[in-house]
Amino acid sequence: MTEPIIVDDAGDPRLAEFRLNERGLASRAEKRDDSGAGLFLAEGDLVVERALDAGCVPHAALVDADAIPDVAHRLGATGAPVFAGGDGVRRMVSQLGMPQPVIALFRRPARPMAEQLAADTRRLVVVEGVDNPANVGAIVRNASGLGWDGLLLDHTSADPLARRSLRVAMGTAFQLPHARTQRLTSVLTTMSADPDVDLLALTPSARATPIDAVEPAGEGRRRAIVLGSERDGLSDDLLGLATPVRIPMSGDVDSLNVAAATAIACWALR
């Protein structure tokens with residue numbers, strides 16, 4: 001393995017890519033490219049290790065020069081440049097008060113098309129209009145941890161490979177296949193026509209079925225949970241395709257944060 005390249009200046013041009021914002025790492029068009037285009041940034045040993053385990057290809061890394069993490073050897077073995085800097089350099093480059101021992105840039109991997117993912121999964125989480133990357137990261141972690149096997153997002157939802165999403169999800173996005181689409185209504189219309197698929201839409205409506213009254217999925221049946229944004233909820237088009245389900249609430253609270261609601265739904269409807 002090539003030894004890490006020591007860098008003493010946070011302004012070193014070789015570190016410029018680590019300071020790019022989300023759009024600089026991957027343009028809107030690149031994020032919509034199912035074949036894989038652009039870069040994503042992973043922070044921390046666990047997230048970087050999970051990216052490597054999933055076969056993601058590293059582009060470059062920046063590690064702690066005073067305590068080089070073990071994962072630096074794996075990164076270096078791929079041929080990607082591994083830079084090493086002290087706390088001050090890494091703090092200025094990463095713009096984090098407490099810099100991680102490793103941050104790495106990876107090439108964005110290919111992902112399944114929405115129609116393929118919808119056809120291949122038994123337990124699918126579907127998200128419309130959830131544009132907060134922290135919420136998307138929590139949804140990823142909930143779905144992965146509770147045994148769901150796919151995530152389908154519309155094009156207005158946050159990217160599961162966004163920096164903050166990955167940090168919240170602790171790298172579980174690499175374990176959960178996901179797809180993004182501008183044709184979400186069309187994909188769910190096809191699913192709703194399949195007699196072996198249960199589409200369940202979370203909504204605070206009092207007319208919806210309480211979640212604990214939903215019958216378990218029968219043998220061989222597939223199931224999808226559909227969730228919308230906290231501001232607007234699901235669109236009428238999607239609500240019209242699914243059975244409305246609600247989490248019973250107490251007092252004057254009408255609903256939960258979408259990430260918390262996903263955790264309950266993934267557990268109750270698994």
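Q: Leaving aside its neighbours within four places in sequence, which residues is aspartate 64 in contact with?
A: This is a predicted model: local features need pLDDT of at least 70, side-chain atom pairs count only at pLDDT 80 or more, and totals for chains, interfaces and linings use all residues. Residues are numbered from 1 along each chain as its sequence is written, and side-chain values use heavy atoms, with hydrogens and water left out. Contact means heavy atoms within 4.5 Å. With those neighbours set aside, aspartate 64 touches Pro69, Gly85, Asp87, Arg90 and Pro101.

Q: Is aspartate 64 buried or exposed?
A: Buried means under 20% relative accessible area, exposed over 50%, and partly exposed in between (1.4 Å probe, protein chains only). Aspartate 64 has 11% relative accessibility, so it counts as buried.

Q: Which strand is aspartate 64 found in?
A: Strands are DSSP runs (E, at least two residues), numbered from the N terminus. Residues 58–64 form one of them, and aspartate 64 belongs to it: strand S3.

Q: What is the order of the strands in the open sheet?
A: Two strands pair if DSSP finds at least two bridges between them. The sheet has five strands, with mixed pairing, in the order S1-S4-S3-S5-S2.

Q: Which are the edge strands?
A: An edge strand here pairs on one side only. That picks out strand S1 (5–6) and strand S2 (39–43).

Q: Over how many bridges do S3 and strand S4 pair?
A: Leucine 62 stands opposite phenylalanine 83 in S4. S4 covers residues 82–85. S3 and S4 pair in the parallel sense, and the number of bridges is four.
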